[in-house]
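Please look through the model below before reading the comments. The points are meant to be checked against it one at a time.

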Amino acid sequence: MGLILLWLVFWTCGYVLGVPMQDELPPPSPWTPQTEIALAVAALAELPWVVAGFRRG
């Protein structure tokens, strides 16, 4: 579930929220500061879920 969330955040920030590009310009890199912050927040939000999966119940 966490990997799916990270995937969706990455593509949303990289392509959906990105500036519309013209055909003549090379495509911009999806790795922007906004993307990195969103991925870090998503990873930190999923961290307790991952850690809880390794604990014995």
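The numbered points below go from the whole chain to single residues.

1. Basis of the note. This is a predicted model, in which local features need pLDDT of at least 70 and side-chain atom pairs count only at pLDDT 80 or more, while totals for chains, interfaces and linings use all residues. Residues are numbered from 1 along each chain as its sequence is written, and side-chain values use heavy atoms, with hydrogens and water left out.

2. Overall make-up. The protein has two helices and zero strands. Here helices (H or I, at least four residues) and strands (E, at least two) are DSSP runs, numbered from the N terminus. Of the 57 residues, 18% count as buried. Buried means under 20% relative accessible area, exposed means over 50%, and partly exposed lies in between (1.4 Å probe, protein chains only). The accessible surface comes to about 5100 Å², and 71% of that belongs to carbon and sulfur atoms. Such areas come from the Shrake-Rupley method with a 1.4 Å probe; for residues, only the protein chains shown count as cover.

3. Helix 2 covers residues 33–54. Its 22 residues should span 32 Å at 1.5 Å a residue, and the end C-alpha atoms are 31 Å apart, which agrees. The expected span is 1.5 Å times one less than the number of residues. Helix 2 also has a kink of about 35° at E46, shortly before the proline P48. The bend at a residue is the angle between axes fitted to the seven residues ending there and the seven starting there.

4. Buried residues of helix 2. T35, L39, A42 and E46 are buried in this helix. For A42 the relative accessibility is 8%, so A42 counts as buried. Which residues does A42 touch, leaving aside neighbours within four places in sequence? A42 is in contact with L5 and L6, where contact means heavy atoms within 4.5 Å. A42 and L6 are 36 residues apart in sequence, but their C-alpha atoms are 6.4 Å apart in space.

5. T35. This residue lies in helix 2 and has 0% relative accessibility, so T35 counts as buried. Not counting residues up to four places away in sequence, T35 touches F10, C13, G14 and P30. The T35 side chain also makes a polar contact with the side chain of T32, at 2.9 Å. A polar contact is a pair of N or O atoms within 3.5 Å; within protein, one must be able to donate a hydrogen and the other to accept it, and residues adjacent in sequence count only if both atoms are side-chain atoms.

6. T12 sits in helix 1, which covers residues 2–16, and is partly exposed at a relative accessible area of 34%. Leaving aside neighbours within four places in sequence, G14 is in contact with P30 and T35. G14 and S29 are 15 residues apart in sequence and 7.6 Å apart in space, C-alpha to C-alpha.

7. Aromatic pairs. How many aromatic pairs does the structure hold? The structure holds three. The rings of W7 and W11 have centres 5.2 Å apart and planes at 65°, so this pair is edge-to-face. Rings of Phe, Tyr and Trp (its six-membered ring) pair if their centres lie within 6.5 Å; planes under 30 degrees apart count as stacked, over 60 as edge-to-face and the rest as tilted. W7 and W11 are separated by about one helical turn, because they are four residues apart in helix 1. F10 and W11 form another edge-to-face pair, at 5.0 Å centre to centre and 75° between the planes.

8. Cover of the aromatic residues. W7, F10, W11 and W31 form one aromatic cluster. Are W7 and F10 buried or exposed? W7 is exposed, with a relative accessible area of 54%, whereas F10 is buried at 12%. W11 counts as partly exposed, at 33% relative accessibility.
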